[in-house]
Amino acid sequence: MSDAIKNLRIRFYGVQGSGSTFPSRRETAALQEVMDYELLKLVFEDLSGHMNENNRFDRSLEDYLGGPVSRKTLLKYRERFHVAPPRIYGGWTTCMHIETADGYDIVLDCGSGFRNCAKDLQKKWGDKKKRELHIFGSHSHFDHTEGFDQAGVCFDPRNTIVIHGNYQYLYSLNSYLGIFSQFVPEDVMGLQTPINFSNMPAKFKGIEIRDMADPVVTARNKSVHWGLHDVTRPFKIGDTKITAFFVYHPALCLGYKIEHGGKSFIYCTDHELRHGEDPEAPGQKKSDAAEARLVKLAMDADAMYRDGQYLRSEYDGHTGIGSSTPVPRIDWGHSCIEDVEEMALNCRVKHTYIGHHDPNREWSERNWIDEALARGSKGRVEQIEFARAGTIIDL
Ligand SMILES: [Zn+2]
Ligand SMILES: [Zn+2]
């Protein structure tokens with residue numbers, strides 16, 4: 001990866017769905033065992049290259065190590081071997097950072113991954129004068145907002161943070177933090193977090209993405225503490241174009257298409273493609289309409305992040321996830337891995353990252369699903385993999 005950003009550099013800080021999760025003690029031990037085995041294999045391969053004809057070592061241990069056994073010589077010896085770290089999918093909840101070639105910083109969602117993202121932003125900005133962050137939120141659910149009051153960028157008075165999102169996204173952040181209204185009702189103060197606007201000195205500005213043609217929304221949400229923007233009008237952040245679109249989820253939820261210099265990235269978290277058995281059910285019709293919007297925008301995209309929380313058998317309730325109870329997950333607002341694969345191929349998306357992993361999904365399972373996706377991708381233009389925190393995409 002070169003240092004210069006061609007168009008967009010996207011970094012995943014959180015791809016976990018529903019709640020942060022990390023390998024259990026048992027899984028950590030299993031991962032450690034794999035690493036230990038790989039390292040020992042390399043060490044013994046190295047040693048076997050130094051045997052004489054009697055199958056004995058041809059030199060002393062000190063010779064191998066370049067000195068007596070010590071922390072220093074052992075660590076030096078260790079440097080000769082590279083053991084690939086285990087693939088960790090998920091961890092922190094949804095957050096990704098996009099750096100544009102013309103120097104803008106954009107963040108998609110503020111799940112628990114936002115804390116580390118904000119740390120990196122503060123470090124990157126250093127003493128920079130222009131300190132502006134553009135956040136685009138999908139929806140109000142906790143796994144997309146929980147990192148906000150822990151993010152260093154909110155506590156620096158030099159920073160300006162522009163938050164774009166639907167009514168519920170802005171309303172949820174404002175309701176307990178008061179960042180737009182400079183007010184939190186007494187019965188809500190301290191309910192979710194000890195933090196509120198009075199100890200968040202950054203400057204906050206809200207822009208609500210609204211379907212202006214929807215008279216119900218407009219009549220209901222008349223007085224707001226932020227600006228309004230119609231969903232059909234794309235945003236321009238420098239040379240980057242951002243198109244918002246409504247997806248299908250139990251809460252009002254937005255996806256985004258981000259374009260720069262002819263390259264495009266689709267961000268579509270928390271969207272349920274299926275609804276149930278009845279194709280005529282109102283929910284299925286809404287879901288189909290949302291999927292059609294997504295498919296149109298995703299056609300020939302360079303990269304896509306999409307929610308694929310379940311396998312079909314788990315969604316239908318035939319099997320549990322990990323050791324969880326099998327229950328139908330219809331109306332829980334998420335898509336199936338098999339459906340995302342099908343859609344990605346139909347849309348000829350060059351690289352698809354399936355995320356919003358279920359917290360019940362064990363690490364070994366995440367590995368074999370990823371391996372199955374890699375086998376399916378072999379020799380194909382359209383690559384599909386399981387999303388991992390730390391992944392960097394250069395477009
Ligand atoms: Zn979510
Ligand atoms: Zn959600």
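The questions and answers that follow set values against definitions.

This is a predicted model, in which local features need pLDDT of at least 70 and side-chain atom pairs count only at pLDDT 80 or more, while totals for chains, interfaces and linings use all residues. Residues are numbered from 1 along each chain as its sequence is written, chains are lettered from A and ligands numbered from 1 in the order in which they are written, and side-chain values use heavy atoms, with hydrogens and water left out.

Q: What makes D143, H144, D270 and H356 the residues that coordinate the zinc ion (ligand 1)?
A: Donors are N, O and S atoms within 2.8 Å of the metal (3.2 Å for Na, K and Ca), and water is not among the atoms, so sites may look incomplete. The OD atoms of D143 and D270 and the NE2 atoms of H144 and H356 lie at 2.1 to 2.3 Å from the zinc ion (ligand 1), and they count as donors.

Q: Why is the site of the zinc ion (ligand 1) called irregular?
A: Four donors count as tetrahedral if all angles lie between 85 and 135 degrees, and as square planar (or six as octahedral) if opposite donors are over 155 degrees apart and all others between 65 and 115; anything else is irregular. The angles among the four donor atoms run from 90 to 160°, and the site is classed as irregular.

Q: Which residue coordinates both the zinc ion (ligand 1) and the zinc ion (ligand 2)?
A: D270 coordinates both ions, which are 3.5 Å apart. Because D270 lies in the loop between β11 (263-268) and α7, and H356 in the loop between β13 (351-355) and α10 (363-377), the pair ties together parts that are 86 residues apart in sequence.

Q: How do you know whether D270 is buried or exposed?
A: Buried means under 20% relative accessible area, exposed over 50%, and partly exposed in between, with a 1.4 Å probe and protein chains only. D270 has a relative accessible area of 1%, so D270 is buried, and H356, at 0%, also counts as buried.

Q: Why is strand β1 (residues 8-14) described as largely enclosed by the rest of the structure?
A: Six of the seven residues of β1 are buried, so the strand is largely enclosed.

Q: What makes β1 and strand β2 (residues 95-100) a pair?
A: Two strands, which are DSSP runs of E with at least two residues, pair if DSSP finds at least two bridges between them. β1 and β2 are joined in the antiparallel sense over six bridges, with F12 opposite M96 in β2.

Terms used:
Helices (H or I, at least four residues) and strands (E, at least two) are DSSP runs, numbered from the N terminus.
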